[in-house]
Amino acid sequence: VVNCAGPWGARVARMAGVQAPIDSCRVQVAFFRRPPAYQGDHPVVADFNHAVYWRPETGGLTLVGLIDPSEQEAMVDPDNYREAVDFEFVADAGERLVRRFPAMEPGPGAGGFAALYAITPDWHPFIDEVPQGSGFYLCAGFSGHGFKLGPAVGKMVADMVLGQTTEGMDRRLFRLSRLKEGDPVRGRYEYSIAG
């Protein structure tokens with residue numbers, strides 16, 4: 001059984017008698033319409049000083065989200081949370097965007113949404129068979145990074161299930177026991193939750 005239940009990962013793990021510290025966290029993104037003078041695409045940017053990221057979106061929009069560790073305070077029930085974006089979030093995201101990308105100042109807000117991250121205490125996933133030899137595989141807690149890690153994680157999980165090893169694919173970093181062992185995954189930059 002491969003538990004890849006995202007925000008419900010801890011619940012599914014408990015069904016197998018496994019305690020996995022995965023929480024559901026509500027995160028928001030806002031959209032801003034690019035102003036007429038700046039209709040071209042722009043790069044994907046992560047501004048760790050202002051804890052914001054943005055990227056181009058279809059329809060002449062720019063998507064803006066936060067990379068702020070305080071988001072972990074927005075724990076919710078994954079079956080019952082507000083999916084609409086908050087006005088205060090849109091205003092805050094717009095201010096952070098304009099600090100680094102002044103050309104967007106005349107760009108009006110164009111809505112947004114809220115979704116879920118499945119977060120772990122160190123903001124990195126669990127990819128592990130727990131307990132060893134059980135046939136229960138944990139692959140959850142990606143804290144919003146699952147999409148970009150998908151190809152490598154797919155290979156890791158396939159290897160794990162098939163009992164194979166691919167050179168350069170060491171899952172030890174993502175073992176469930178790392179937190180009890182005092183060995184969380186740590187990023188290079190103390191002011192961020194990423195890398």
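This briefing covers the core, the salt bridges, the aromatic pairs and one surface patch of the structure above. The model is predicted. Its largest nonpolar core has 13 residues. Its salt bridges number twelve. It also holds three aromatic pairs.

**The nonpolar core**

- In soluble globular proteins, nonpolar side chains tend to be buried together.
- Six residues touch the most other members of the largest core here: Ala30, Phe32, Trp54, Val64, Phe89 and Leu97.
- Four elements each supply at least two residues of this core: strand 2 (23-33), strand 4 (52-57), strand 5 (61-66) and helix 2 (87-100).
- Helix 2 gives the largest share, with four residues.

- Val29 sits in strand 2.
- Val29 is buried, because its relative accessible area is 9% and the cut-off for buried is under 20%.
- Neighbours within four places in sequence set aside, Val29 contacts Tyr53, Leu63, Val64, Gly65, Val85, Phe89, Gly111, Gly112 and Phe113.
- Val29 and Val90 are 61 residues apart along the chain, yet 7.8 Å separates their C-alpha atoms.

**Salt bridges**

- Asp77 and Arg11 join their side chains in a salt bridge, at 3.0 Å from N to O.
- This pair links distant parts of the chain, 66 residues apart. Asp77 is in the loop between strand 5 and helix 2, while Arg11 is in helix 1 (residues 9-15).
- Both ends are partly exposed: Asp77 has 36% relative accessibility, and Arg11 has 33%.
- Arg100 and Asp47 form another salt bridge, with their closest N and O atoms 2.7 Å apart.
- Here too the pair links distant parts of the chain, 53 residues apart. Arg100 belongs to helix 2 and Asp47 to strand 3 (residues 45-47).
- Is Asp47 buried or exposed? Asp47 is buried, because its relative accessibility is 6% and buried means under 20%.
- Arg82 is partly exposed, with a relative accessible area of 45%.
- Some bridges share partners, and these join Arg11, Asp77 and Asp79 into one network.

**Aromatic pairs**

- A pair of aromatic rings is described by the distance of the centres and the angle of the planes.
- How far apart are the ring centres of Phe31 and Phe113? They are 6.1 Å apart, and the planes are at 45 degrees, so this pair is tilted.
- Phe31 is in strand 2 and Phe113 is in strand 6 (residues 109-119), so the pair ties together parts that are 82 residues apart in sequence.
- Phe31 is buried, with a relative accessible area of 14%. Phe113 is partly exposed, at 36% relative accessibility.
- Tyr38 and Phe101 make an edge-to-face pair. Their centres are 5.3 Å apart, with 85 degrees between the planes.
- Why does this pair tie together parts that are 63 residues apart in sequence? Tyr38 lies in the loop between strand 2 and strand 3, and Phe101 lies in the loop between helix 2 and strand 6.
- Tyr38 is partly exposed, with a relative accessible area of 27%. Phe101 is buried, with 11%.
- Ring pairs also bring in Trp54, which forms a cluster with Tyr38 and Phe101. Trp54 is also one of the core residues that touch the most other members.

- Which residues make the nonpolar surface patch of about 250 Å²? They are Val2, Val161 and Leu162.
- Leu162 lies in helix 3 (residues 146-162).
- Leu162 counts as exposed, because its relative accessible area is 58% and exposed means over 50%.

Definitions and conventions. Residues are numbered from 1 along each chain as its sequence is written. This is a predicted model: local features need pLDDT of at least 70, side-chain atom pairs count only at pLDDT 80 or more; totals for chains, interfaces and linings use all residues. Side-chain values use heavy atoms; hydrogens and water are left out. Patches are made of residues with over 30% relative accessible area and no salt bridge: like charges are joined within 9 Å, nonpolar side chains (Val, Leu, Ile, Met, Phe, Trp, Tyr) within 5 Å. Accessible areas come from the Shrake-Rupley method with a 1.4 Å probe; for residues, only the protein chains shown count as cover. A salt bridge is a side-chain nitrogen of Lys or Arg within 4 Å of a carboxyl oxygen of Asp or Glu. Buried means under 20% relative accessible area, exposed over 50%, partly exposed in between (1.4 Å probe, protein chains only). A nonpolar core is a set of buried Ala, Val, Leu, Ile, Met, Phe, Trp, Tyr and Cys residues joined through side-chain atoms within 4.5 Å. Rings of Phe, Tyr and Trp (its six-membered ring) pair if their centres lie within 6.5 Å; planes under 30 degrees apart count as stacked, over 60 as edge-to-face and the rest as tilted. Contact means heavy atoms within 4.5 Å.
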